[in-house]
Amino acid sequence: MTFNALIVDKAEDGRVSAAIEPITEDRLPEGNVTVAVEYSTLNYKDGLCLTGKGGLVRNYPHVPGIDFAGTVEASSDDRYKPGDKVVLTGWRVGEVHWGGYAQKARVKGDWLVPLPDGLTPRQAMAVGTAGFTAMLAVIALEAHGTVPGEGEVLVTGAAGGVGSVATAILAKLGHGVAAVTGRPETADYLTGLGATTIVPREELAEASPRPLESERWSGCVDAVGGTMLGRVLKQMQYGRAVAAVGLAGGAAVEGFTVVPFLLRGVSLLGIDSVMCPAAPRLEAWRRVAADLPLDRLEAMIEDRKLSDLPALGPAILKGQVKGRVVIDVNG
Ligand code: NDP
């Protein structure tokens with residue numbers, strides 16, 4: 001029996017291509033649980049894997065897809081039996097291990113979580129890696145003492161995947177949300193998700209020579225990194241925290257000194273969704289199911305299929321994708 005997989009391969013001249021191929025189960029990597037994949041998604045890292053950028057994929061041919069939801073088909077792990085609905089994010093699946101851009105995946109049971117109560121597989125994937133990470137960032141800010149009513153929480157890269165989910169969750173929790181976007185045409189979309197202020201990207205894009213700026217934000221979920229992160233750190237209110245999630249705008253923080261840490265007690269909280277241990281992982285999924293308004297989740301979803309992915313990879317790297325792209329692998 002064959003099934004469809006989106007295989008990324010590298011030619012001798014170094015050119016990377018992606019195409020759907022019918023393959024058999026014996027080509028799947030080792031693992032103790034086989035899952036009939038229903039949905040996967042498009043994340044920034046998938047864009048890198050689909051185009052061969054960033055050095056994430058070491059071995060070709062490769063099946064990308066850093067997250068998936070589906071039904072267990074076979075399992076030698078006591079925790080999972082055929083018919084169980086499961087979700088996977090992280091653990092370098094889709095980067096090192098073959099991922100969710102196929103109708104079947106074989107993985108370690110340790111990497112799976114049960115489908116969270118109240119979410120369908122499609123909804124769980126609309127959350128996916130980006131949304132799960134946004135939830136981890138919100139939890140980290142809460143642990144730092146960020147509470148509603150003490151000023152707006154800034155979300156950078158707001159129209160993207162992490163930013164959209166972070167905006168909706170923070171708004172549902174009662175925070176004022178200032179959404180930074182480089183796409184003015186997404187203002188209505190972001191307001192619909194609950195943003196209270198739209199901040200044009202240009203306002204934060206340039207490095208500032210000043211060591212500190214006026215105190216503006218009571219917290220920040222930062223998906224952009226780079227110069228913007230340096231700028232935001234100078235604008236945090238006294239004692240507040242930035243949850244650093246991503247680097248869509250670059251890894252190097254320019255024009256930044258340690259002064260915000262020393263004179264304002266600002267904290268920089270690192271967020272890693274990939275190796276997140278089981279207990280906080282399950283808690284974050286529980287919180288997603290409890291705190292993410294499903295009507296707002298629906299507004300973020302663009303439904304696509306496996307064959308759309310070769311074109312979508314370059315688009316997400318250019319910051320052209322809005323919200324969450326959900327891939328119906330059987331579509
Ligand atoms: P998206 O591409 O969906 O969103 C990124 C957004 O950032 C874009 O939509 C755009 O938003 C903004 N942006 C893009 N390029 C630039 C730029 N040059 N300067 C300023 N803003 C820019 O990606 P995701 O939301 O999926 O991921 C965002 C980042 O988070 C990535 O770096 C990703 O690798 C990382 N990530 C990290 C995780 C972790 O565990 N730490 C997990 C998941 C993601 P707008 O148009 O609104 O300005």
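Close-up 1. C49 is buried, at 0% relative accessibility, where buried denotes under 20% relative accessible area, exposed over 50%, and partly exposed in between (1.4 Å probe, protein chains only). This is a predicted model, in which local features need pLDDT of at least 70 and side-chain atom pairs count only at pLDDT 80 or more, while totals for chains, interfaces and linings use all residues. Residues are numbered from 1 along each chain as its sequence is written, and side-chain values use heavy atoms, with hydrogens and water left out. The closest cysteine sulfur to that of C49 belongs to C276 and lies 20 Å away, too far for a bond. C276 is likewise buried, with a relative accessible area of 5%. The structure holds zero disulfides, a disulfide being a pair of cysteine sulfur atoms within 2.5 Å.

Close-up 2. Helix α2 comprises residues 121-143; helices (H or I, at least four residues) and strands (E, at least two) are DSSP runs, numbered from the N terminus. The end C-alpha atoms of this 23-residue helix are only 29 Å apart, short of the 33 Å that a straight helix would reach at 1.5 Å a residue. That expected span is 1.5 Å times one less than the number of residues. At G128, α2 bends by about 70°, the bend being the angle between axes fitted to the seven residues ending at a residue and the seven starting there. Of the 23 residues of α2, 20 are buried, so the helix is largely enclosed by the rest of the structure. Just after α2, G145 takes a positive phi of about 100°.

Close-up 3. M125 is found in helix α2 and is buried, with a relative accessible area of 0%. Leaving aside neighbours within four places in sequence, M125 is in contact with Y39, S40, T41, D67, F68, A69, V87, L88, R324 and V326, contact meaning heavy atoms within 4.5 Å. From M125 to W217 the C-alpha to C-alpha distance is 30 Å, at a sequence separation of 92 residues.

**Close-up 4. H97 in the loop between β5 and β6.** H97 is placed in the loop that runs between β5 (85-89) and β6 (104-107). Not counting residues up to four places away in sequence, H97 touches P29, E30, H62, V63, R92, R106, V107 and W111.
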